[in-house]
Amino acid sequence: MSLPTALFRSLASIKQDLKEDIDAVFNRDPAARNSLEVILTYPGIHALILHRGAHCLWQNEQKLAARVVSYGSRIMTGIEIHPAAKIGKRFFIDHGVGVVIGETAEIGNDVTLYHGVTLGGVSWNNGKRHPTLEDGVIVGAGAKVLGPFTVGKNAKIGSNAVVVKTVPAGATMVGSAARMISEHHDEKGNPLTTKVDDAKQQEKAAQAAQSKPTTQSTARATAFQAYGIDPSSQDPVAEAFAKMLNHIQQSEKRLDQLQKAMCKIDPDFCQKEYDKLCLEDIDVIDKEDMDEAKDK
């Protein structure tokens, strides 16, 4: 393919993508009045155009140039998109200020982000660190989607929500109340005192305190967890609900055993069905939280 032909096709593709982006603005923002206004005054459009250029440079091993374009876009629009991020068609960033999209983030078609959204990671490891947003996802203002998981098609993330786990297609995620998860303090900040009754355990604890920490443990203790998220920590409220649900299920099993025994003793005893509490009835916890609570 000759250079003029390739250039013509590239320009035609850019023109078509820009037209779709402008149409997406009209479909999702009632404040938009005409195409010229959108092109000149919408930072989301500017950021998207510049990102496509930076992404093309990144894919062609011009990474310094790509980062320079990305940095210029950040200065001009207040939107930071890493050149390596993959973005689909008809992507719309409303208002835009404060939006951050990480290097390994992947965004499908017809996705909408509002201002202050972060598509971030929770580790310093190489590889996939940022979320994947499938087609039709809407992320509200100030929401944080953190980690290498998938947000399913047409899912909605509420404003200021903090999402760190997989979201199924069509689901709506809300809530971001912060709670203390320190192993050494309760939720009110009061220090916890650990009682060790066994003399051998006390001796082992003293030896562990006197021994020098290994390089790996020191690095783990001093390393900053991005966005304050510790993957090994558990939400104390969700953990409490999981323990309560586990206890209720054990009680229900015992009731079933008693019911069967009563039926054997008294054949006239009528066995009745009753509604049992299941994991889906308490949507503040998921299967992983339940399994971890059972293991403890």
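## Reading the sheet, cores and surface of a predicted model

Modeller: This model is predicted, and its open sheet has five strands in the order β1-β4-β7-β10-β13, paired in parallel.

Biologist: Which are the edge strands of the sheet?

Modeller: An edge strand pairs on one side only, and here that applies to β1 (80–81) and β13 (162–163).

Biologist: How many bridges join strand β4 to strand β7?

Modeller: Two bridges join β4 (residues 100–101) to β7 (residues 118–120), and these strands run parallel. Within this pair, Ile101 stands opposite Leu119 in β7.

Biologist: How many helices and strands are there in the chain?

Modeller: The chain has eight helices and 14 strands.

Biologist: Which residues touch the most other members of the largest nonpolar core?

Modeller: Start with the general idea: nonpolar side chains tend to be buried together in soluble globular proteins. In this model the largest nonpolar core has 28 residues, and Ile101, Leu113, Val139 and Val151 touch the most other members. Another core, of seven residues, lies apart from it; Val25, Val38, Tyr42 and Phe92 are among its members.

Biologist: With which residues is Val139 in contact, leaving aside neighbours within four places in sequence?

Modeller: Val139 contacts Thr112, Leu113, Tyr114, Val117, Leu133, Val145 and Ile157 on that basis. For the chain, take contacts between residues at least 6 apart in sequence: 40% of these join residues at least 24 apart.

Biologist: What share of the chain do buried residues make up?

Modeller: Of the 296 residues, 31% are buried. The chain exposes about 19400 Å², with 56% of that supplied by carbon and sulfur atoms.

Biologist: Which residues make the nonpolar surface patch of about 290 Å²?

Modeller: Leu36, Ile39 and Leu40 make that patch. Leu40 is found in helix α2 (residues 35–41).

Biologist: Where is Arg67 found, and is Arg67 buried or partly exposed?

Modeller: Arg67 is found in helix α4 (residues 63–77). The partly exposed class runs between the buried limit of 20% and the exposed limit of 50%. Arg67 counts as partly exposed because its relative accessibility is 42%.

Biologist: What does Arg67 touch, not counting residues up to four places away in sequence?

Modeller: Arg67 touches Trp58, His82 and Pro83. Arg67 and Pro83 are 16 residues apart in sequence, and their C-alpha atoms are 6.6 Å apart in space.

Technical notes. Residues numbered from 1 in each chain as written. Predicted model: local features only at pLDDT ≥ 70, side-chain atom pairs only at ≥ 80, totals over all residues. Heavy atoms only, no water. Patch = residues over 30% accessible without salt bridge, like charges linked within 9 Å, V, L, I, M, F, W, Y side chains within 5 Å. Areas by Shrake-Rupley, 256 points an atom, 1.4 Å probe, with all protein chains shown as cover. Salt bridge = Lys/Arg side-chain N within 4 Å of Asp/Glu carboxyl O. Helix = DSSP H or I, 4+ residues; strand = E, 2+ residues; numbered from the N terminus. Pairing = 2+ DSSP bridges. Buried < 20%, exposed > 50% of the residue type's maximum accessible area, 1.4 Å probe, protein only. Contact = heavy atoms within 4.5 Å. Core = buried A, V, L, I, M, F, W, Y, C linked by side-chain atoms within 4.5 Å.
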